[in-house]
Amino acid sequence: MSFFEAIFELMEEWYHYLLLVGVGFAVGFINTMAGGGSLISLPVLIFLGLPPSVANGTNRVAIVIQTAIATAGFKSKGVSTFPFNIYLGISSFIGAIIGANLAIDIKGETFNKILAIIMIVVVFIIVFKPKMKTTELIQQITGKHLWLGIVAFFFFGIYGGFINAGLGFLIILFLHYVNKMTLVHANATKVAVVCIYTISALVVFVLNDKVDWKIGLILAIGNGSGAWLASRISVAKGDGFIKTFLVIMVVAMSIKLWFFH
């Protein structure tokens, strides 16, 4: 390799690092505020030369760090749903093991089409669902509502372990309409649960040698930074801001899934 070739390779490597951090910041912010950020980070990782299954596994490194930081960000603002989030996390943890094993060799193009349709349904729910009165938003996280959540999050965990992209939308809506949480508390619960089940998925990918740690940790620098900022803004701006952000992101992700996969 010549001197100039070595310099070019070094510059290209730094360009990749800066791209990863920038993309990670956007993804961390989007994931924490709403969801769907992995639909951005996964194509970028593949663009950088990672096989799809390795990109899927590597992305989990950033998601674990992102959600851990977001959870700490919400907690620092006094927003937490412990121990409810732990119960849901354990259920989804088990489901994610199943989903991650399915993801090792399966392609997700058909699933993307299905997810695009789901995202459109989510938009209609967000936009046309009658607004809840403040008196109706009393958290219901015990008894049958707890068990309903545990069952639902087992299946959420399967999809989360498989590819994870776009699941945040459905989690927020479930917690908002079934458990009567404000969108801020639903967001705080979401990031804690995703952190828990992504750990189990990451272990499966690691055991199958599907993780590039160097790229994953660089991406995580951006994800973590974006997540911390989003957790603070989410609490400060409240439900109205989150609802608007949700609608915008769901529409954008649906178009991305259907036409640009």
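## The hole inside

Sort the lining of the largest cavity by class and you get 8 nonpolar, 10 polar and 1 charged residues. In this scheme Ala, Val, Leu, Ile, Met, Phe, Trp, Tyr, Cys and Pro are nonpolar, Asp, Glu, Lys and Arg are charged, and the others, Gly among them, are polar. That lining is made of 19 residues, and Asn31, Gln66, Asn164, Gly168 and Val194 lie nearest the centre of the cavity. A cavity here is a set of points, on a 1 Å grid over the protein atoms alone, where a 1.4 Å probe fits but cannot get out; lining residues have an atom within 4 Å of a point.

The volume of the largest cavity is about 140 Å³, and the structure holds 1 cavity of 30 Å³ or more. Volume means the space filled by probe spheres set on the grid points, which are joined across faces, edges and corners. Which helix gives the most to the lining? That's α8, with 4 residues. At least two lining residues come from each of α1 (3-33), α3 (52-76), α7 (167-177) and α8 (183-207).

## Where the model comes from

This is a predicted model: local features need pLDDT of at least 70 and side-chain atom pairs count only at pLDDT 80 or more, while totals for chains, interfaces and linings use all residues. Residues are numbered from 1 along each chain as its sequence is written, and side-chain values use heavy atoms, with hydrogens and water left out.

## The overall build

The protein chain has 10 helices and 0 strands. Helices (H or I, at least four residues) and strands (E, at least two) are DSSP runs, numbered from the N terminus. Of the 261 residues in the chain, 51% are buried. Buried means under 20% relative accessible area, exposed means over 50%, and partly exposed is in between, using a 1.4 Å probe and protein chains only.

Now for contacts, meaning heavy atoms within 4.5 Å. Take those between residues at least 6 apart in sequence: 86% join residues at least 24 apart.

## Helices, buried and packed

Why is α7 described as largely enclosed by the rest of the structure? Because 10 of its 11 residues are buried, among them Phe169, Ile172 and His176. In α2 (residues 38-47), the buried residues include Leu39, Leu42 and Leu45. After α2 comes Gly49, with a positive phi near 110°.

Helix α4 (residues 84-103) packs against α8 at an angle of about 35°, with the axes 7 Å apart. Their contact has 16 nonpolar, 6 polar and no charged residues. The axes are lines fitted to C-alpha atoms over the stretch in contact, and angles run from 0 to 180 degrees between N-to-C directions.

Val61, in helix α3, counts as buried because its relative accessibility is 4%. Leaving aside neighbours within four places in sequence, Val61 touches Leu202, Val211, Trp213, Gly216, Leu217 and Ala220. Val61 and Trp213 are 152 residues apart in sequence, but their C-alpha atoms are 7.5 Å apart in space.

Most residues other than glycine have a negative phi, and most peptide bonds are trans. Lys180 isn't a glycine, yet its phi is positive, about 55°; Lys180 sits in the loop between α7 and α8. Asp209 also has a positive phi of about 55° without being a glycine, and it lies in the loop between α8 and α9 (213-237). Is Asp209 buried or exposed? Asp209 is exposed, with a relative accessible area of 66%.

Finally, look at the peptide bond from Phe82 to Pro83: it's cis, with omega near 5°. Pro83 is in the loop between α3 and α4.

Technical notes:
On a 1 Å grid over the protein atoms alone, a cavity is a set of points where a 1.4 Å probe fits but cannot get out, and a pocket is an open set with protein on both sides within 12 Å along at least five of seven lines; lining residues have an atom within 4 Å of a point.
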